[in-house]
Amino acid sequence: MTQAKRSGLTLVEMLVAMTASLILFGSVLTIFQILGDAVSRSRRTGRLDSDMCSLRLQLQQDLEGITANRDAKGLLCEVDSGSITGYFEIIEGPNSDLIDYSVTPPFNRVPNVSGPSPSSNDCIVGDTDDMLFFTTRSVSTEPFIGKYGATSITSNQAEIAYFCRPTPNTSNPTLYTLYRRQLLITGGTNTAAFANPAAPKTSWDLFYANYDVSARHEELGGVHTIVENNANDLQRRRNRFAHDPLCSGATRGLHPLIPYHANNVLTFPSTGPRANEDVIATNVLAFDVRLLDPLAVERQGADTLRMQPGDQLYARGADMPTFTSVYGDLGFNSFVAFFSGSSAPGIFSGYGRPGHVLLGSATSSRTYDTWTSFYRTNNTDDDMQNGVDDVAERPPYAEQLAGIQVVLRLYDVGTRTVKQATITRSFRK
């Protein structure tokens, strides 16, 4: 008797086949998920690269067109108040990239203040409280463009401001938003009513909501008005963006120090028709402005690596005097003293410290400015003639500025990727 052949699968064979299929499908799904994550990371990294490239290009163009006066060698220098050149001003906040972890207790920074917070990864978070103000001209074929009431205007010159503010609801690390404010220099004498002299910030908010124009507050014939600036007007610090003494609470005759946290610097709101128009970068970890110091030195650590001002452990290195003219923060030696444990850094707020001081000196002012004869050593216009009125009045720095360096650092939250760019602008011919 012949046995009939099986034409199907047994239950065990079906279970084995199903298990093998599930394993195969799971493997394929895992491969697709890995590929998808890789593509997503690549896209996020590409966007970060693109954001950094755009930011770097914009800053390079702005620095290339600086209009402040330069001497025969091309160095930024003191200008004559009668010339129409504009200005170049840096405000150095008290924070620094210089973090020495061997100090006990370690350098601890408070949340919502520029710089790393206690919950931040301090290895990647840097100097974020520097501020950069200057006048520039367009280096491209396109002029600057801005709003002027119901219409728009163009100009080849503008007043530019760069500064950071903490981004709300960010931690580990605390992130910052970088603003770029562009105000056109018209050279006109048009005026607008100062909406509320008792609340000047409100007046400036209303004005800047409708006009992208460099302007100043004046009291003409007892009437408070806003008057458009030309480049010569901007050589007076009080006429510059965010420098109005009334906005900072200072008395009329003083040139006020802008708070290092930049909270009093006006920005476009996060809602409304002009929401965040002045935001140029988000997820910022560092915006560090450094100047070329002709007498600063590099240092060498125990591992023989060369270190410059702003590098970690710079304070504990040995001087290498053969390597000079390096970039560093204004007053970086005050940070060195602090991290060496010899003294507290202090905050130097004087605008008119007389005498010859080095850019990195611990006793130097935390502001660099292309000063003019409008300024006074004691910051006060004693004779109310808008001119030099004290003996031996002079700029706070005898050095002419030979170069500037800006370190930018951006962060992608999703991939935890950090991108850094260094923009250097030499003023030597």
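Is threonine 424 buried, partly exposed or exposed? I note before anything else that this is a predicted model. I looked up the relative accessibility of threonine 424 and got 43%. Buried would need a value under 20% and exposed one over 50%, so threonine 424 goes down as partly exposed.

Next, where it sits. I find threonine 424 in strand β15, which runs over residues 417-426. The partner I looked up is strand β14, residues 403-412, and the two pair in the antiparallel sense over ten bridges. Together β14 and β15 make a hairpin, with four residues between them. In that turn I checked arginine 416, and its phi is positive, about 55 degrees.

Then the neighbours. Leaving out residues up to four places away in sequence, I have threonine 424 touching Tyr327, Ile404 and Gln405. With glutamine 405 there is also a polar contact, side chain to side chain, at 3.4 Å.

Threonine 424 and glutamine 60 are 364 residues apart along the chain, yet I get 8.2 Å between their C-alpha atoms.

That sent me to helix α1, residues 11-64. I logged 54 residues and a reach of 78 Å from first C-alpha to last, close to the expected 80 Å. For its buried residues I wrote down Leu48, Met52, Leu55, Leu59, Asp62 and Leu63.

Key: Residues numbered from 1 in each chain as written. Predicted model: local features only at pLDDT ≥ 70, side-chain atom pairs only at ≥ 80, totals over all residues. Heavy atoms only, no water. Pairing = 2+ DSSP bridges. Expected span 1.5 Å × (residues − 1). Buried < 20%, exposed > 50% of the residue type's maximum accessible area, 1.4 Å probe, protein only. Contact = heavy atoms within 4.5 Å. Polar contact = N/O pair within 3.5 Å; in protein donor to acceptor, adjacent residues only side chain to side chain.
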